[in-house]
Amino acid sequence: MHPAPLLELDRVSIRHEGAPRSTPVDVSFAVARGEVVLLLGPSGCGKSTLTLALDGLVPHAVPAELDGTVRVAGLDSREHPVGVLSEHVAMVFQDPDAQIVTGTVLDEVCFAPENQQASVDEVLARAERALKLVGLWDRRRENPDRLSGGGRQRLAIACALAMAAPVLVLDEPTANLDPAGIDEVYAVLRELADERDHAVVLVEHNLDAAVDIVDRVIVLDAEGRLVIDGPARETFRERADELVALGVWLPVSTLAALRLRDAGVHLDPLPLTPAELGAALDALPVLPAPLSASSPVRSTALSPRPTLTWPGPVDPVTDASATRSAQAPAIRARGLSVRRGGRLGPVVVHEVDLDVASGDFLAIVGTNGAGKTSLLQSLAGVLPAPAGSVDVLGIDPARADARERARRIGFVFQNPEHQFIASTVGEELAQGLRLQGADDDAINTAVDRMLRRFGLDELREQHPFLLSGGQKRRLSVGTALIAGAPLLALDEPTFGQDRARASELLDMLRALNDEGTTVVVVTHDLQLVADYASHIAVLADGRLLGVGEAADVLAGPLIEQAGLRHPALARATRGLEHHPAWHSVTRMSQLPVTSGAGT
Amino acid sequence: MSAAPASAGAPAGSGDVPGDAGTGASVAVAVDPFAPRTRAGRGGFLAALNPLAKLAAPVPVMILVVFSRGIALPLAIAAFAMVVLLAGTRLPGRAVVALLLGAPAAALLLGVTFGIWVDPATVAGSAEASVALFSVGDWTFTLAAYLVGLATALRIVAILLLSLIAGVTSTGPDLVRAMVQNLRVPYRIGYTALAALRFVPRFGHELEIIRAAHRVRGTDAGRGPIASVRRLIGYAVPLLASAIRHAERVALAMDARAFGAHPTRTERHLSPWRARDTVFVAAFLVVSALIAWWALGWGR
């Protein structure tokens, strides 16, 4: 028998106030108790908007126009306020910090049932059950600020569970978390999925984490129309090409299998997790030899189609390491220790010795609180380092004046808006040159060139805050580079962004790096690191565990020592019994290609 | 500089905040309206009172102190507030010492700094004006000037101590609960204000990042008031943009959790106004009035 659906959407279209068209459009589906539904689609297709409609925030709290009907436990969402609908649907949002409103973990979990006028005993009983499920009961008296990112997001899930609603809607719950936090959150979600007591609707880009707990996928296309609604594993396996064509991200293991299929290695069925990929590879008697880490084939988890880079005349990629070792380092740090918050603040970076050669693409990795950002900021002179401990292209960055520094180092903060200082895009770019004392003609030419380079030429007179997210990011990189800085430092450039935007940015960084710009990034997305970085520095507790070529670091023990997890591809290949040559395969570009590939 | 008495109410062990060490933990600690009650907040008769009583009693006295003159009244009130604090709370030993030594030391020291600003001509007539404490060149620091400075300093210390009566034993949420339950302040306003308080440390941290980001762009080059005003406007735009976005998200999250769905909400902690609260307020005001009457009669 079929239980009555908890959620029922009938031809739902939503148009945000001022938006030219509706996204999503004409979406109909129903969700029953016990289902775990993954909602997928390229960015801008209206997934998040759709989740807001599931508990009546659209149209009641968000200025948007709703067509069609959303029924929550049989109630028309248009006719019932959010307060009533929230008895049936609980929400978890992306940013854990924007969901916390009280001063202790216990008060936070009690907040919703108190609003629902449950009796005191009931409030406490629900709070205890929810906190025990997410593993925070022992920390109930603490201020939520003291929890880690993963802990705060688990708290947000507990808060949603305490509402005793049968439907749980999660909108990218792990986008702002580091890998450890993502694992914590998915451990909780897996438990919920196993209980089959709730219906779960999940929007998630990180499919590697999500794929083994969901049982149904709903896919929207770029227009916001529902194009696929089917069982998860079969959909990923049988319609993988279709999903890729839609601009939807697949699990890294599936992408890798698709790449291998193009190279003549057929894995059937397509693997969805690193374990499945590993098992499938091991089952094959023969595998073609993987490419070396420095092969000119370009392919990443973000853009898996292989492309070939042609060695340029200036910086031949293939023997770059030979020329690099001869060059003077771009960054040289010796015995670098950094305190946060002045002389008496805690030491967050301990005695780091680090050389970064010109032309490197260095990724600094580590868990939250390992001191990655502090290290990057002190290397770039944003945070003062002790005199003489850092040398960047001949200057001490913390003591040089802004002009000298801007000529050598471009620093890009996590949120591009923080760095904008002018009222037009053109002025924003010109400012860096004006600081150098360039004359107007020179400024104009350079600004024009930069606008073209980053595809912003139409937007010269636009206010920087009115750009789209990707444009803002490009502009912030442009402002960092316009004074001719040969070194670019970026703090968590992909944090909280969807994969399309992350891919755009990283491809841009790679292009700059190919032209000779030294790039240093702080990140905790290790598959990105594996695919893009030439070198990796691993930090733990403010100390540098080691630094080396990306392939060596990823193949060695440092990643685990730092409390990080190997990227998905490395996890699949490390355990291969029959193909030892594949143990060092950590990046998409190492997968074999047919001779015909490379378009 | 006179932070000693105030430190009694600050949370202990603020250094061990987990998470990214760079994310402004220090700022968060400086203004944390949700700071857990210190041990001091758990014992003593003050903790058992309604937070509103602890506010209603000292506030009229504070106003009286603001408009008082001379040394006797603020001194006597400060001593009274100190007695209430020490008797009504179980402060840890260090805080008691800080209170007993810090408050007088702060008053004496502040007296000098305020006294320096006193125009010698205004106190020239009195007997104390002829007692020189020390002199630098032509300028002499007289006892009369010091007494004027000391009176100001004592008023500040007395007000600080009075505010500690409310501050040491109740937290922000306690006060909001009491206002909602006893003063019929709508809970939507009370709890929204409380949620908004969480924004403060966040914005402090955000401002720090924005300043660093602008420094990197080289916008701190100019000097003088015009450049600094321009800088402030430059900080305000990104700060406001992110504040509005954050506020919208918090509002959605609160709506989604049924905030405001019903005219009332369950209160796990009742905060009734009991007879002892009335007694405390009345007794506090009567004793203060007696002190004032005695101090003014003796002081003039």
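Predicted model: local features only at pLDDT ≥ 70, side-chain atom pairs only at ≥ 80, totals over all residues.
The contact between the chains draws 59 residues from chain A and 47 residues from chain B. On the side of chain B that touches chain A, at least two residues are supplied by each of α1 (25-30), α10 (199-217) and α11 (224-256) of chain B, and of the elements of chain B it is α11(B) that gives the most to this side, with twelve residues. Sorted by class, the side of chain B that touches chain A comprises 24 nonpolar residues, 14 polar residues and nine charged residues.

Chain A is divided into domain 1, which is made up of residues 1-83 and 209-250, and domain 2, which is made up of residues 255-311 and 568-599. The contact between these domains of chain A takes seven residues from domain 1 and six residues from domain 2. Helix α9 (residues 232-238) of chain A provides the largest share of the side of domain 1 that touches domain 2, namely three residues, and by class this side of domain 1 of chain A has four nonpolar residues and three charged residues, with no polar residues. In chain B, the division is into domain 1 (37-170) and domain 2 (189-256), and the C-alpha centres of these two domains of chain B lie 35 Å apart.

An open sheet of three strands is found in chain A, with the order β14-β13-β16 and antiparallel pairing. Because β14 (347-357) and β16 (390-392) of chain A each have a single partner strand, they stand at the edges of the sheet, and one side of each is therefore left without a neighbour there. On average, and with direction ignored, neighbouring strands of this sheet are turned by 15 degrees against each other. Strand β13 (residues 329-339) of chain A runs antiparallel to β14(A), to which it is joined by seven bridges; among the residues paired in this way, A:P329 has A:A357 in β14(A) as its bridge partner.

Within chain B, the axes of α10(B) and α11(B) come within 10 Å and cross at roughly 140 degrees, which means that α10(B) is oblique to α11(B). The crossing of α10(B) and α11(B) is right-handed. From α10(B), the residues B:F199, B:F203, B:E206, B:L207, B:I210, B:R211 and B:H214 meet B:G234, B:Y235, B:P238, B:L239, B:S242, B:A243 and B:H246 of α11(B). The residues of this contact between α10(B) and α11(B) comprise eight nonpolar, four polar and two charged.

A helix pair is also described for chain A, in which helix α16 (residues 425-435) and helix α17 (residues 440-453) pack at an angle of about 130 degrees, with their axes 9 Å apart. This angle makes α16(A) oblique to α17(A), and the crossing of α16(A) and α17(A) is right-handed. The residues that make the contact are A:G426, A:L429, A:A430, A:L433 and A:R434 on the side of α16(A), and A:I443, A:A446, A:V447 and A:M450 on the side of α17(A). By class, the contact of α16(A) with α17(A) consists of seven nonpolar residues, one polar residue and one charged residue.

Technical notes
Residues numbered from 1 in each chain as written. Chains lettered and ligands numbered in written order. Contact = placed C-beta atoms within 7 Å. Helix = DSSP H or I, 4+ residues; strand = E, 2+ residues; numbered from the N terminus. Nonpolar A, V, L, I, M, F, W, Y, C, P; charged D, E, K, R; others polar. Domains from an automatic or database assignment. Pairing = 2+ DSSP bridges. Axes fitted to C-alpha atoms, helices over the stretch in contact; angles between N-to-C directions. Parallel < 35°, antiparallel > 145°, perpendicular 65-115°, else oblique. Left-handed = near helix turned anticlockwise from the far one by under 90°.
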